[in-house]
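Visitor: Please take me closely through one part of this model, and then show how its surroundings are put together. I would like the cut-offs stated as you go.

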Amino acid sequence: MTPVQILFILVAAVTLGAALMVVNARNLVHAALWLIVSFGGVAVFYAMLNAGFLAVAQVVIYIGAIAILMIFAIMMTRNVAGDSSPRFNSSQIIGLVLALALFAGLVWMTLSWSGATTTPMPLDSRADPISQLGSALVSPDGYVLAFELASILLLGALVGALMIAWDRK
Amino acid sequence: MIPLSWYLIFAAALFSIGLFAVLARRNAIVILMGIELMLNAVNINLVAFWRYVNPELIAGQVFAVMVFAVAAAEVAVALAIFISIYRRRRSVSADEIDLMKW
């Protein structure tokens, strides 16, 4: 076991434990806080995979925007946060069986695939992944169309969210 | 060195936990949290394949950035819908929102 592997196992255990607490929490504010822990663990994985920009974006977008937005929504739907009605619906056994079956299937597929034991390709030391990502996002040979479509999608979502949540009296 | 399968199995576990939240929880906001966990699991897979299989092609990271943008848009619209539903029905429980169920 190298120190990197021990770090991986620790971060994975914290992330998965936090995700389980999200699913299991009775209080919604606690669920949102555990969700932040889980997002932080995923950001550590991005950093371990040499995707520094994504690690920072994960912290800024998921923890800074999405989780805070969820906490706002929980506060605005206040009396459901600590209610004592059952957490799970009537099909929870089916859901559990489906989730476990999916996990078992994915693990079986991963372990039976010959490429699963590959180790990372050496990164080209002259190429900086962040500047590569930046130029790929705005170059016409790269992903500029998807980039612009994503910005239109965000604008549409902004206007749509305002329209839906608007309180017309 | 960490083999690729560790990342894939971790992502599978995170995805399954999110799937269970979506299928079994009653509160719509926790269902949304489950969807976010599933999107995070997919992103881990995308970045892991980028790093382990072909780091010269930046496509894996670009895909992950697109997933970020779509997740942000989805959360904004979904929470607006929940607030609107709560204002009318005083509840965001997914099994009570059944107006369009036949």
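Guide: A residue is called buried when its relative accessible area is under 20%, exposed when it is over 50%, and partly exposed in between, with a 1.4 Å probe and protein chains only. By that rule B:Ser91, at 10% relative accessibility, counts as buried. This is a predicted model, in which local features need pLDDT of at least 70 and side-chain atom pairs count only at pLDDT 80 or more, while totals for chains, interfaces and linings use all residues. Residues are numbered from 1 along each chain as written, chains are lettered from A and ligands numbered from 1 in written order, and side-chain values use heavy atoms, without hydrogens or water.

B:Ser91 belongs to the segment after α3 of chain B, where helices are DSSP runs of H or I with at least four residues, strands are runs of E with at least two, and both are numbered from the N terminus. Leaving aside residues up to four places away in sequence, B:Ser91 touches B:Ile85, B:Tyr86 and B:Glu96, contact being heavy atoms within 4.5 Å. With B:Glu96 there is also a polar contact between the two side chains, at 3.0 Å (a pair of N or O atoms within 3.5 Å; within protein, one must be able to donate a hydrogen and the other to accept it, and residues adjacent in sequence count only if both atoms are side-chain atoms).

B:Glu96 is partly exposed, at 39% relative accessibility, whereas B:Arg26 is buried, with a relative accessible area of 14%. The count over all chains comes to one salt bridge, and between chain B and chain A it is zero.

What the two chains do share is an interface burying about 7,100 Å², of which carbon and sulfur atoms give 77% (accessible area, with a 1.4 Å probe, that two parts lose on being put together, summed over both). The contact takes 68 residues from chain B and 87 residues from chain A, and nine residue pairs are in polar contact across the interface, both residues at pLDDT 80 or more. On the side of chain B that touches chain A, α1, α2 and α3 (59–89) of chain B each supply at least two residues, and α3(B) gives the largest share, 22 residues.

Aromatic residues of both chains come together as well: A:Phe8, A:Phe45, B:Trp6, B:Tyr7, B:Phe10 and B:Tyr52 form one aromatic cluster. Within chain B, B:Tyr7 and B:Tyr52 form an edge-to-face pair, 5.9 Å centre to centre with 65° between the planes (ring centres of Phe, Tyr or Trp, by its six-membered ring, within 6.5 Å; planes under 30 degrees apart are stacked, over 60 edge-to-face, the rest tilted). Because B:Tyr7 lies in helix α1 (residues 4–24) of chain B and B:Tyr52 in helix α2 (residues 28–53) of chain B, the pair ties together parts 45 residues apart in sequence. Both B:Tyr7 and B:Tyr52 are buried.

Definitions and conventions: Salt bridge = Lys/Arg side-chain N within 4 Å of Asp/Glu carboxyl O.
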